[in-house]
Each structure stands twice: as structure tokens, then as C-alpha cells.
Amino acid sequence: MTPTLERLFPGLDSRSLRAAAIVTTLAVLMGVVGGEPLALAAFAPIAGTAVTLAIRGRPLAGAREYGLAPALVAVGLVAALAAPSLLVGLIAGVTGLGVLLWNAETPSESVRTVDPVEGLFVPGLGLTVALVTVIALPAARDAVGIAAIAVVLALAMVVWALRGALVADAVPAKAL
Amino acid sequence: MSAPDPTQGALRFRPRAVLMFAAAGVLAVVALAVHSSVSLLLAVPLLLGPAAAATSSPRLPPSYRVSWSSEGSRGAVEILGRLEPTEGGSVHGLVPTFYRPEPLVDEAAPEVRLDGEALTFRLHWSAPYPCLVSVSLPRVQWRDPLGLVERPVTVEGQALRLQRFPPELARASRAPLRRTTPLPGEVRARQLGGAGEFFAIRPLTASDTRRQVNWRASARAGRMLANDYRVERTGDLLIVLDLRPTSLGPEIDARLASVAAAGAYGLAQSFLEQKARVGLALYTDFVESIPLGSGRRQRFRLLRALQAARVGDTAGPSERLAVSLRRYFPPGVTTVLLSALADEESTLVLPHLRRRGFPAFVLSPSPVPLLGRLGSRPTEDDARALRLLRLVRRRRIAEAWSEAAVVEWDDYWSLASLASFFARPAGRRAAT
């Protein structure tokens, strides 16, 4: 990448671009396999990725944190319009993992002592469980119901696990 | 000791994790609305990622220790450091954030590496001009691999003090200084040789001549020793910084003050190493002084005062400086005035100092290099204006020479002119 581009868009580094390429390719593939028109399946992810790269490339804290929103909207649109099938579901799940990986790549935070791929183990495991559920239940409606229950249960577990972190510790009185 | 911060060490979600949660929630709702499992399967990793990150936080040691040092010469600032747990623990997942003080600039991205049970780091900064800065301790946080949750950790250590000034200042201590207060019981020899009066015996250094070697003492001690003479090490030095605002504007004034403070510290350090007494006076609208003193404590006092030195809001009259100096310092002390001589008022200090009994010479950091840097792309008019500025400055320095010797400091990373000023005898200097 040229130094001028790097200066204009500090977010356009190789790691971030690689993650963006993975997500875009998977999203286009999801749309095409899901029976969507090629124009929509290709345009929405590419446009979302381009806008996201432009936003995250700016040296602003908010842009780094929330810059992925356009790409999420585009990928979500493609997923909502895709015809459900096992293959499309698999691609959607892997796309979700790719989004997590992309989210972890913040070029301005060049200091990193751990590989982001290590963090994909539990989400990948959850995705596998969900896919197995879909395979085990032939009717799509049932699969959606079971998966929705799984999501609600997961959310409840999250709230339970984080109640200590979300509620601040009591401050001891100064007199004590 | 302050009370512990109750939020210290609390795990918290980063905004990007909130974005993931929100996206997962919206996708789940969409999935239920359109009866499609695709959106739901897309939502599963987005939901589980932050949840797994939050539950993966390890047990961290109570604190981490930072040990660091700086390297580099002239403007280059290389900081090498090590972060390790005070007790047994891991540094896996720790992310340090470094605070770069002004006027230092980034030269390259920081390098952070895992080195066994410690984290080593190397920062590449540079100083555009001489300065005295203090680098605060880095903020260290534990982050999960996906960067979704973080937890601050306690860091122990000391701020790193950086001093960047021209290397020639280390040789400035060869200048002969006047001693204004004889030591108790001191009786000066009537006639001194070329080396001066005997002071003490010390280890031989590479710069010593053969005549300085004390052969008898060396034979007794079994190592080479040399005689130390009073002329090399006696005397008092008063450093005066003119920190009054000038017509150059606050930005240039602040940079010139930084250059002057760094130069003052370099001079002070050089003379203090030779056990001379050094005092400091900072002048804005009133004088802030540090009395003459020597030793490491005095060096620390001077460093603190010079690091805190800022250009004042109002300018005091020139005569007040000379009058006030008489309250704090004995007359006759060798005085170095660090002033940019940016306007007529600043040159007026010199006759007042001379009349009040302070034989001064001026070390004058030139504002011209800073003025040249301000414009991003200098036009032909800028170049012409710069030439005119140089002419004006040359004329002002010529006028100041009628009152005191002036050493112009236009190349901030070299003070060869000061070294040659000290090397030349006063008689020849006056003649030129």
C-alpha cells in the first residue's frame, strides 16, 4: 500500500483488508447460493465493506468502535433475503465468525499480544451446535424455534456471567 | 496514600462488543419475523463472541511492574522497556497504551513482544528540538483475543524523564567560573600554575595529561590516580531564563522556552558534575529562583523547575529582573542569560544585569528555524520574509554584543559555537 493511502486511511492495513475480503466474499456467496439476484448479492456486501473501510480508516475512536455497522447492515440484509438451506446457513455462520475477526482488527491498535483466531473457539463451537440442531430437525420452522431458544438461553447465560462486571462494586465507607 | 479506586480491575465491554450484541439482537428479531434460520445462524457467533470473551478473563496478578530506559542521541528517542508481573502471573492478552508527551513525535509504530513471562516493548519517537519531558507510565489493560472486553490492571514504576540537548554542553564545564563565596578556612594560593590549585586525588581519566598523573599515589594505590585542581571545578554559575511573552506568539514562545530549558539543564548538569554551584532564575513578570547549590539534589531541583518552566502571560520590566536577582544571588556570579532576544525589551535586560553586578553572556536560541518550519509549503514570499528575519536578527544580536557576549544557537542540535566561545580567552573574544 502506498504511503499516501496509509496516511489518508490509517485503517487500511493488510490485516484489516484481509478480514474485509473474507467477509465480503462469504456474504456474496451467501446471497448467490441463497437465490438472490446477483446485483443485490454482490452490490450490498461490497458497498457495505467499502463504507466500513472508509469509516474505520479515519483516526477517530468512534469510527474504530462503530465503523463495522454498515458492513453488518449489508450482511444482515443479504442473510434476511436468502432462501434458507443448510449450505446457506453454514455460510452465514462462517460469515459471522469472519465479522468477529474483522471487528478484532483495529490497525491503530498495533500492539497485540494474542492472536484473534484464539477467540473464535467458543463462537465456532456454538455455531456447530446450532448447525447440528438444524440438521437434526428437518422442518425449518422447528429449527428456527430451537435456535431462537438457544439464543435466548445464551443471552441469559451472558447476563448471569456478567452480572458482577455490569454492576459496580459497592464503595466502602470512608469511615471504615 | 489515596483510597483504592473501586472501578480498578472491573471487567467492561468495549463499544464494539455492544455493537455485536445489538447486531445479534436485530438479526434474531429479523429471523423470527421472516421465519429464516439464516439470519439466526449469522447472529450466533456475534452473540457468543462477546459472551465467551467476558467469561475467558483469567485471574490476573495484583500489579505489574514497568522498568524502562531511553536511548538515542540528538533528536532520536528510543525507549526500551519491560512489563512483568510483580508476583507470578501471565502477560498474555495485556495491551499497553503509551502516552507520548509533546513535543515528541512518532517515528514508527511501537514494537511489543512476548518474552517468556514478560512483555518487552520498544518505542520509536523523535524530538524536533531540545526538550525536557516526562513520559507517564503506560496504561495497561487485559483484553480478550477478539478485543471485545477489557480490564485495567495496576502498573507500578516511575515516570521516565527524558532530556535532549546538544552533546557539546557536556564540555561546557571547562569554562572558568568565578567563586563568589570562599569555602570556610579557604586560603587561596598567591600564585597558581597553569592547572590551578591542588584540590584532590581522583582516578585517572582518558582526557588527563601526563603532568596530572600523581605517580606516588598511583604506586601506593596500585591504580592510576590523577591530581584534581581547583580551577577545573570551582565557581558558581547562575542560569537565567527569560520566559516573558514576545511578539513571536505563544506557540513559538513555548517552543523556544522548551529549547532554552533543555539548554539550561544541559549546562547545569555539566557544571554540577564538576561540583560547581549552580543557581537558576526563571523570569516572567517576577523572578522564581533556585539558590546556588551543588550535588544530585540540586540537579533534581533544577530539572523539576525547568520541566515546569512555561512562558508567562504578562511580561515584567527588564530592570525588575536585575533588581530581584540581587536578593537571591551574590553579585559577581558568572551569569548565563538564555533568551531568544526576540524583541527590543529582551535586549534591555543586559545593561541592567551589568549595572547590578552580574557579568552575563547570552545563549540565544534563534526563533528563525522554528518560523521556517511553521509553513507546510513555503512560497517565494515566505523565503523572502525568512531572509529579512535573519537580517533583523543579525542586527539585534550585533546590538546586544555592545552589552554582553552573545552566542547564537540556530542549529538546535549543535552548540559548537558555545564550545568555541568557552575555549577562546576573554581578551580575544572582546577584540573580535
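**R74(B)**

I started with the exposure of R74(B): the residue is partly exposed in this predicted model, with a relative accessible area of 44%. I then checked the backbone. Phi of R74(B) is near 50°, so I noted a positive value in a residue that is not glycine. For its place in the chain, I found R74(B) in the loop that links strand 2 (64-71) and strand 3 (76-85) of chain B.

**L341(B)**

I looked up another positive phi in chain B. L341(B) is not a glycine either, and its phi is near 50°. Is L341(B) buried or exposed? I get 1% relative accessibility, so L341(B) counts as buried, the cut-off being under 20%. The loop that holds L341(B) runs between strand 17 (334-338) and helix 8 (344-347) of chain B.

**E102(B) to P103(B)**

Next I went through a peptide bond. Omega is near 5° from E102(B) to P103(B), and I wrote the bond down as cis. P103(B) sits in the loop between strand 4 (94-97) and strand 5 (105-115) of chain B.

**Chain A, overall**

I moved on to chain A. How many helices and strands does chain A have? I count nine helices and zero strands, and from the N terminus on the order is α-α-α-α-α-α-α-α-α. Of its 176 residues, 42% count as buried. I also looked at contacts in chain A between residues at least 6 apart in sequence, and 68% of these join residues at least 24 apart.

**Chain A, confidence**

The average pLDDT of chain A is 78, and 72% of the residues score at least 70. Where is confidence lowest, and where highest? I find the lowest in helix 1 (residues 3-8) of chain A, at a mean of 58, and the highest in helix 5 (residues 69-81) of chain A, at 92. A reminder to myself: where pLDDT is low, predicted coordinates should not be read in detail.

**Helix 2 against helix 6, chain A**

Last, I took a helix pair. The axes of helix 2 (residues 14-33) of chain A and helix 6 (residues 86-104) of chain A come within 9 Å, and they cross at roughly 160°. Angles over 145 count as roughly antiparallel, so that is how I logged helix 2 of chain A and helix 6 of chain A. The crossing of helix 2 of chain A past helix 6 of chain A is left-handed. I listed the contact residues: helix 2 of chain A gives, among others, A19(A), V23(A), L26(A) and M30(A), and helix 6 of chain A gives residues including I91(A), T95(A), G98(A) and W102(A).

Conventions: Residues are numbered from 1 along each chain as its sequence is written. Chains are lettered from A and ligands numbered from 1 in the order in which they are written. This is a predicted model: local features need pLDDT of at least 70, side-chain atom pairs count only at pLDDT 80 or more; totals for chains, interfaces and linings use all residues. Side-chain values use heavy atoms; hydrogens and water are left out. Axes are lines fitted to C-alpha atoms, for helices over the stretch in contact, and angles run from 0 to 180 degrees between N-to-C directions. Helices (H or I, at least four residues) and strands (E, at least two) are DSSP runs, numbered from the N terminus. Angles under 35 degrees count as roughly parallel, over 145 as roughly antiparallel, 65 to 115 as roughly perpendicular and the rest as oblique. A crossing is left-handed if the near helix is turned anticlockwise from the far one by less than a right angle, and right-handed if clockwise. Contact means heavy atoms within 4.5 Å. pLDDT is the predictor's confidence in each residue, from 0 to 100. Buried means under 20% relative accessible area, exposed over 50%, partly exposed in between (1.4 Å probe, protein chains only).
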